[in-house]
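Please look over the sequence and the structure before reading on.

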Amino acid sequence: MERPLTQHIISDTSVRNLENYRKVGGYSCLQKVLKSMTPGEVTNVVKVSNLLGRGGAGFPTGAKWSLVPMDTVKSNLPKYLVCNADEMEPGTFKDRYLLEGNPHQLIEGMIIAAYAIQAEKSYIFLRWAYKKAEKVLRTAIEEAYSAGYLGNNILGSDFNLDMHVHSSAGRYICGEETALLNSLEGKRALPRAKPPYPALNGLFGRPTVVNNVETLSWISHIVEKGAEWFKGLSLTGTGGTKLFGVSGKVRKPGTWELPLGITFRELLEEHAGGMIDGHKFRGALPGGASTDFIVEEHLDVQMDFKTVAAVGSRLGTGTMIVLDDKTCPVSFIHNVEKFFALESCGWCTPCREGLPWVEKMLSSIEEGTGKIEYLDLLSFSAKYMSPGNTFCAHAPGAAEPLQSGLKYFHDDFVKHITDKKCPWR
Amino acid sequence: MLSVEEINEIQNEIKQYPYPKVACIDALKIVQQHRAWVSDESVSDIAELLGMSAEEVDGIATFYSRIYRQPVGRNIILICDSVSCMIMGYESLYEYLSKKLKIRFGETTSDGRFTILPNSCLGDCDNAPAMMVNNDHFNRLTIEKLDEILDRYK
């Protein structure tokens with residue numbers, strides 16, 4: 001089984017330097033691109049490969065790049081490439097592995113992506129807590145500058161690119177791509193209205209592409225080995241492997257690179273080693289805190305964007321949080337909703353008012369003072385925080401674990417209310 | 001007044017962007033790195049350096065959870081209270097720490113040694129429960145480990 005993204009990550013303590021990266025063929029793809037490919041050809045390979053964005057939304061990467069104007073009209077210059085390395089979703093830790101383990105793979109991917117859209121400046125927007133990744137990235141960028149992979153006239157071509165790391169100051173909403181752009185501009189991280197989309201009007205009002213770490217780490221491999229090779233890596237034809245992760249009461253929590261399309265059961269039982277003795281599986285958020293629960297009956301579903309969506313959830317970031325029978329589902333959901341309530345940017349009403357309301361009701365159900373009519377109010381809230389009712393995807397994300405939790409753990413909610421206490425305490 | 005060192009570091013960040021006020025968040029982080037927190041005076045100093053109003057800088061400073069607008073202790077403990085860390089038992093660790101240090105979330109010990117804050121999440125979910133002290137990560141925490149970790153920070 002091929003593991004293109006992680007095969008050269010030996011352990012999380014061995015920081016990869018430029019020399020080691022070059023020994024395994026690093027930067028040879030960049031050389032080939034600058035010597036023999038036009039920007040359009042690069043974009044086309046990525047488009048044909050059907051690489052879907054690995055940040056959570058699964059938007060086709062090639063299509064995103066294709067929206068960037070390629071003329072040289074002055075009002076469209078300079079263009080920007082931004083790497084979203086904010087990874088703030090609770091339960092998500094996959095990009096950290098790539099950032100700390102193979103920084104040059106990301107940098108090479110970013111240079112090729114920047115060439116494809118003809119950007120001359122690139123930023124890495126980094127989660128504030130990733131102190132080690134920050135150090136690793138800064139060192140790797142310096143190495144890339146001294147070797148002539150960054151700066152002016154890269155490898156003797158007429159392509160120029162600068163790269164800079166911006167370490168964030170917290171707030172989950174920064175991961176939303178337009179909020180990220182505002183934050184990178186030094187402002188409060190409020191999402192922007194779309195359209196215009198960042199590809200036309202992004203950072204500092206200029207055409208900008210924002211891609212996730214895992215997405216950009218793919219670029220050199222896809223351009224080097226081709227779209228057909230990439231498609232063949234998955235079991236479902238979507239294309240590629242994916243970093244999957246599991247946390248919770250499993251024997252071996254961790255992150256693994258596996259083909260898209262493996263089943264939940266395989267991930268949980270073979271890779272995460274199954275549940276810890278004395279704990280039973282009750283459900284899981286399959287792709288981070290903002291995805292709908294899956295339960296026992298879904299364990300044989302293949303983990304791919306379409307197949308997970310077909311059972312009412314989302315692949316999201318591919319990092320699963322497992323709910324076991326010794327953990328109270330109400331307190332699990334309360335924890336998640338409290339997070340979303342705190343992290344609302346406060347811009348639109350359903351999110352700013354709705355989420356604290358939800359949090360308070362869940363808190364009182366958990367404390368044993370909840371009323372049965374709260375269940376309808378919670379469903380009402382989830383419904384009106386869904387897509388189309390809010391300014392950005394924050395509240396709809398918060399609604400996902402809530403609405404599915406109310407459905408799958410209905411009896412547990414009712415028991416809290418009728419017994420006037422949490423059965424798990 | 002900002003120190004020469006702070007000003008130099010902020011100027012270096014300004015170079016990365018098309019105009020000075022873009023470096024506002026970097027400037028807040030730099031000042032905090034030197035002074036542990038960002039006072040009203042520092043907000044005004046940053047505003048003047050970047051050509052902004054103090055109110056605009058404060059609006060940005062108060063938005064971000066890792067910018068401190070109140071004095072903090074010499075060491076900041078950030079306990080991850082995300083759902084993965086909750087499943088793995090962060091609450092009992094917090095209760096233990098809280099009793100030992102005689103402070104709750106958001107408070108500072110009377111000797112100024114520790115401030116304790118909640119934070120979700122630290123990206124260490126496969127090694128939960130996790131916390132940070134200043135810039136250092138700790139995971140797979142137990143009560144025994146906590147005692148040993150606290151001893152390292154004076």
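Buried means under 20% relative accessible area, exposed over 50% and partly exposed in between, with a 1.4 Å probe and protein chains only. The model is predicted: local features need pLDDT of at least 70, side-chain atom pairs count only at pLDDT 80 or more, and totals for chains, interfaces and linings use all residues. Residues are numbered from 1 along each chain as its sequence is written, and side-chain values use heavy atoms, without hydrogens and water.

**Aromatic pairs**

- Rings of Phe, Tyr and Trp (its six-membered ring) pair if their centres lie within 6.5 Å; planes under 30 degrees apart are stacked, over 60 edge-to-face and the rest tilted.
- Over all chains, the count by this rule is 19 aromatic pairs.
- A:Tyr172 and A:Phe339 form an edge-to-face pair, 5.0 Å centre to centre with 70° between the planes.
- This pair links distant parts of the chain, 167 residues apart.
- A:Tyr172 is buried at a relative accessible area of 13%, and A:Phe339 is buried at 5%.
- B:Phe138 and B:Tyr153 are also paired edge-to-face, at 6.4 Å centre to centre and 90° between the planes.
- Both B:Phe138 and B:Tyr153 are buried.
- One aromatic cluster is formed by A:Tyr80, A:Tyr123, A:Phe204, B:Tyr17 and B:Tyr19.

**Helix pairing**

- The axes (lines fitted to C-alpha atoms over the stretch in contact, with angles from 0 to 180 degrees between N-to-C directions) of helix 13 (residues 329-343) and helix 16 (residues 394-408) of chain A come within 10 Å and cross at roughly 165°.
- Helix 13 of chain A is therefore roughly antiparallel to helix 16 of chain A (over 145 degrees).

Key: Chains are lettered from A and ligands numbered from 1 in the order in which they are written. Helices (H or I, at least four residues) and strands (E, at least two) are DSSP runs, numbered from the N terminus. Angles under 35 degrees count as roughly parallel, over 145 as roughly antiparallel, 65 to 115 as roughly perpendicular and the rest as oblique.
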